[in-house]
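I opened this notebook to record what I looked up in the structure below.

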Amino acid sequence: MASEEQLKTIEGAKVLMVGAGGIGCELLKTLALSGFRDIHIIDMDTIEVSNLNRQFLFRQSHVGQSKAKVARDAVLKFRPNINITPYHANVKDPMFNMEFFKDFNVVLNGLDNLDARRHVNRLCLAAEVPLVESGTTGFLGQVTVHVKGKTECYECQPKPTPKTYPVCTITSTPSKFVHCIVWAKDLLFAKLFGDRTRENDLYVRSSDADGSVKHSEDIFEQSADEDLEQYGRKIYDNIFGHSIEATLSNEETWRNRNKPKPIYIRDVLPHKFAKPNGSSEENCANDDTNISAMASLGLKNPQDVWSLEESTRIFMEALRLFNEKRKKDVGSLIFDKDDQLAVEFVTAAANIRASSFGIPLHSLFEAKGIAGNIVHAVATTNAIIAGLIVIEAIKVLQGDAKKYRMTYCVEHPLRKMLLMPVEPFEPNKSCYVCSETPLLLEVNTRRSKLRDVVEKIVRSKLGMNFPLIMQGSNLIFEVGDDLEEDIAASYASNLEKVLSELPAPVTGGTMLTVEDLQQEFSCNINIKHREEFDEETEPDGMVLSGWTPAAPTEKAAHAISNGEGTSSAPPGTSEAEIVDDVEIVPAQTDVPVGTKRKLTEILNSKDGGSDDVRQGKRAIEVDDNGGDDDVVLMLEENPEKKKRLQ
Ligand SMILES: Nc1ncnc2c1ncn2[C@@H]1O[C@H](COP(=O)(O)OP(=O)(O)OP(=O)(O)O)[C@@H](O)[C@H]1O
Ligand SMILES: [Zn+2]
């Protein structure tokens, strides 16, 4: 229960929530029930069926409607006298500018992507409004507090880039199911149904009539004398048969690996693959996203693992359906985890490849999770996180800086849950966002074009949407709808010039100023000329640095991926092991049962004692503030140990 003083603060506060999804629904409900009376919500999405299992403010009848608006209506039903203002819009829209942000006492994020989080962080810094940031990944989650000048900003700690795999593992030597999924989704699916003019590492071979193998790109084209079944069989044999055969010819590759087995369709489906009788196509053909190869083959349970024959049938049927029912999309499709037919095709192709490489097969449900980079959301984690957001918001509104906590919800290797509150970190002095520290860009100024810097650095690494680039007082590039024609043309021509040949040349020693007026954000980049870059480790052909995390031994925060490397992981996890996008956090303590220790002591303890913890021999209570009520408990063997969570 809130104290009277807290209630007064709560009732007078104007709060902005960004995101009305899994965390957002919980948060809006908790805010309303805690007494908040003036809440604004921005969400750009409409409700999807897949949201209904956890976004409890939404019902089947709301599918297709604005999340922000429906969330408002649902909460007003039980709190009719409060003000909730919904915006069905992207938080990056220009209307949500610094002036808009300034109007709020606190901003609460319930987002799911790095881009939007960075954008909100920058506007909160510019408007000097405190931000309570959050994220969840399955059982993991965190709430962090960002107050300009007092605590670190959301970008003070570098975020990890999403996990990538070496191309050769994907194209030639997969050893895990995820490698097969990446191959099926990013190479095969893209090649067959996406933009064929794009570079694609799928290396395929086609056999001549006489059986010899020749390299051929055009096997992906259906030739005039082929029907769809022949076309499908040709592709199947090439990617699962001939190309495997070809990689086997390189003995060296297989010296220490299990050799894959080529698969030819005649051995799996010897007879013509007739269109199934009584298929349910009629029932589902109206909506593209409902067209399903599983439905037309009568396979119902997404949790079943298909046999090689079933995967082969799905592969052929999905290929047919794309070409017959979704012909208009073919050539421009991008894999989408909510596109049923795309998921079916990718699952089937990944499983056929997995069969070939002796990798365990997976169900469509599992494959979809891997392909969509999905860690299935846990409603309870969202509810816990929403509660913690409100607790921090109240502290922020009361200006109770000493009590701010960043709280991490950790799934321990033993699958015991741990809530871990830590004092927020100070701003990182080398953060290019909240301090004025310049960045350093090593680049070959005689080879790289301005376009490379804009795309690879300014947009991608710095997350700017409307960048403006200056060399000294010379404007060399700007994005905007209202540019005069001749200026727009000169910027367009600058993009194609190498840096050293720009009208205001950019060479070693030059300092660039990069601004995003919409984000009210600007930073400086010192340029250092470098001739060579390592293709493997520096694929961008340029390296941005000068922005380092705060020293890990003091207070370290890392990031657990949430969708796109978005959320943060607990302190003391600097050696966290990243396994398929989820960080596994090593246990870090050696404390006798029942002992209370300050969190910093525990995090700094060298010997770790983590084996004991992993084996369930100890119970640890972490009290970060000698009796403060932010107490965390990890229970091992003895389940009746004290439980006190906030
Ligand atoms: N730039 C943005 N502007 C406004 N809202 C955004 C922006 N980016 C993300 N969101 C919203 O943040 C919410 C995040 O919620 P959540 O993580 O539960 O994702 P979801 O899309 O609802 O579910 P899932 O991705 O798991 O299917 C979404 O409702 C999404 O629309
Ligand atoms: Zn910062």
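Entry 1, terms. I count two strands as paired if DSSP finds at least two bridges between them. I also note that the model is predicted.

Entry 2, strands β1 and β2. I looked up how β1 (residues 14–18) lies against β2, and found that the two pair in the parallel sense over five bridges. Within this pairing, I find Met17 opposite Ile41 of β2. I then followed the chain from β1 to β2: the path runs through helix α2 (residues 22–34), and the β-α-β crossover is right-handed.

I next examined the pairing of β2 with β3 (residues 83–88), which is parallel and comprises six bridges. For Asp43, I recorded His88 in β3 as the bridge partner. Here the chain passes from β2 through helix α3 (residues 67–78) to β3, again as a β-α-β crossover that is right-handed.

Why is strand β2 largely enclosed by the rest of the structure? I checked residues 38–43 and found five of the six buried, so the rest of the structure largely encloses this strand. The cut-off I applied for a buried residue is 20 or more other C-beta atoms within 10 Å of its own.

I listed 19 helices and 23 strands in the chain. Of its 646 residues, 42% are buried. I also looked up contacts between residues at least 6 apart in sequence, and 64% of these join residues at least 24 apart.

Technical notes. Residues are numbered from 1 along each chain as its sequence is written. Chains are lettered from A and ligands numbered from 1 in the order in which they are written. This is a predicted model: local features need pLDDT of at least 70, side-chain atom pairs count only at pLDDT 80 or more; totals for chains, interfaces and linings use all residues. Helices (H or I, at least four residues) and strands (E, at least two) are DSSP runs, numbered from the N terminus. A residue is buried if 20 or more other C-beta atoms lie within 10 Å of its own, exposed if 12 or fewer, and partly exposed in between; C-beta atoms are placed from the backbone. Two residues are in contact if their C-beta atoms, placed from the backbone, lie within 7 Å. A crossover is right-handed if, with the strands pointing away from the viewer, the path from the first strand over the helix to the second runs clockwise.
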